[in-house]
Structure formats: structure tokens, C-alpha cells
Amino acid sequence: MHNETPITKQALQELFGESVVSLRLELVRVSEPRKDVESARWVVYFAARCECGVAAMITIEVMADRSYEQVHQALPGLHQHLASRAKAFYAMPCQVHQRMGRPESRP
Ligand SMILES: [Zn+2]
């Protein structure tokens, strides 16, 4: 079947890069699956940034052997996960954010 295209880094960036902006998330990077691990996964890193300067990292994982079509079908669920994590971060008061630390002030 020609529609069983393996998922690629570029495809993941395209699927998530634009669509997470409305969740107030930013796609930071996509790490490729390790080839020497049996249950290897793609890991997509997103940042949620509050106006107070604190950022939280949110990730999703996709099994390395998934096809483009499978990831596309799973998008609503993955988005829901991201949306709930983003909502939880933005719902916290900034005093809580400050206690989580400012990643950019680390040495
Ligand atoms: Zn804050």
C-alpha cells in the first residue's frame, strides 16, 4: 500500500508546528528514534511560555514504526493531551511558575 508512508521528522514538524500555536505552545525540537532500541520513539518537545518568563516543557512520544497515516489519525488525541497540559500550565498562578524556576537564568 502506497499510503503507508513512514513518519519523518519533517512530517512531525509540519503536523505539530502550526497546529499547536492555538494552544499557546511552541514546537522546540523533534528527536529521532534511536536505531539500537527495540521500542524506539520519536519525541516531540513543546514549550509553554508564561508572560512571567517561566517556560514548561511538554513532550509527546510516537513509536518509531508508525506511518504518517497512523500519526495523522492519532492527532486529535495527541492535541488533546497537549491542550490539557498547556491549560494546566497557564492556569497556574505566576507564584507557582516562579517556584518552578526560570530556565533561562540557569548557568
Ligand atoms: Zn507565570
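The bend at a residue is the angle between axes fitted to the seven residues ending there and the seven starting there. In this predicted model, helix H2 bends by about 50 degrees at Leu 75. A proline, Pro 76, follows within four residues. H2 spans residues 68-91 and has 24 residues. From its first C-alpha to its last, H2 reaches 33 Å, close to the 34 Å expected at 1.5 Å a residue.

The chain as a whole contains 3 helices and 3 strands. Their order from the N terminus is α-β-β-β-α-α. Along the principal axes, the C-alpha atoms fill a box of roughly 55 × 30 × 20 Å. Of the 107 residues, 17% are buried. Among contacts with a separation of 6 or more, 52% join residues 24 or more positions apart.

The largest nonpolar core comprises 16 residues. Within this core, Leu 12, Leu 25, Val 44, Phe 46, Ile 58, Leu 82 and Ala 86 touch the most other members. Two or more core residues come from each of helix H1 (9-17), strand E2 (41-49), strand E3 (55-63) and helix H2 (68-91). H2 has four buried residues by name: Val 71, Leu 82, Ala 86 and Phe 89. Their cover includes H1, E1, E2 and E3.

Ala 86 illustrates this packing. Neighbours within four places in sequence aside, Ala 86 is in contact with Leu 23, Arg 24, Leu 25, Ala 48 and Ile 58. Of these partners, Leu 25 and Ile 58 are also listed with Ala 86 among the core residues that touch the most other members.

Arg 24 lies in the loop between H1 and strand E1 (25-31). Most residues other than glycine have a negative phi. The phi of Arg 24, however, is positive, near 60 degrees. Arg 24 is partly exposed because 16 other C-beta atoms lie within 10 Å, and a buried residue needs 20 or more.

Not counting residues up to four places away in sequence, Arg 41 touches Pro 33, Glu 61, Val 62, Met 63 and Ala 64. Arg 85 is 44 residues from Arg 41 along the chain. The C-alpha atoms of this pair are separated by 20 Å.

Note on methods. Residues are numbered from 1 along each chain as its sequence is written. This is a predicted model: local features need pLDDT of at least 70, side-chain atom pairs count only at pLDDT 80 or more; totals for chains, interfaces and linings use all residues. A nonpolar core is a set of buried Ala, Val, Leu, Ile, Met, Phe, Trp, Tyr and Cys residues joined through C-beta atoms within 7 Å. A residue is buried if 20 or more other C-beta atoms lie within 10 Å of its own, exposed if 12 or fewer, and partly exposed in between; C-beta atoms are placed from the backbone. Two residues are in contact if their C-beta atoms, placed from the backbone, lie within 7 Å. The expected span of a helix is 1.5 Å times one less than its number of residues.
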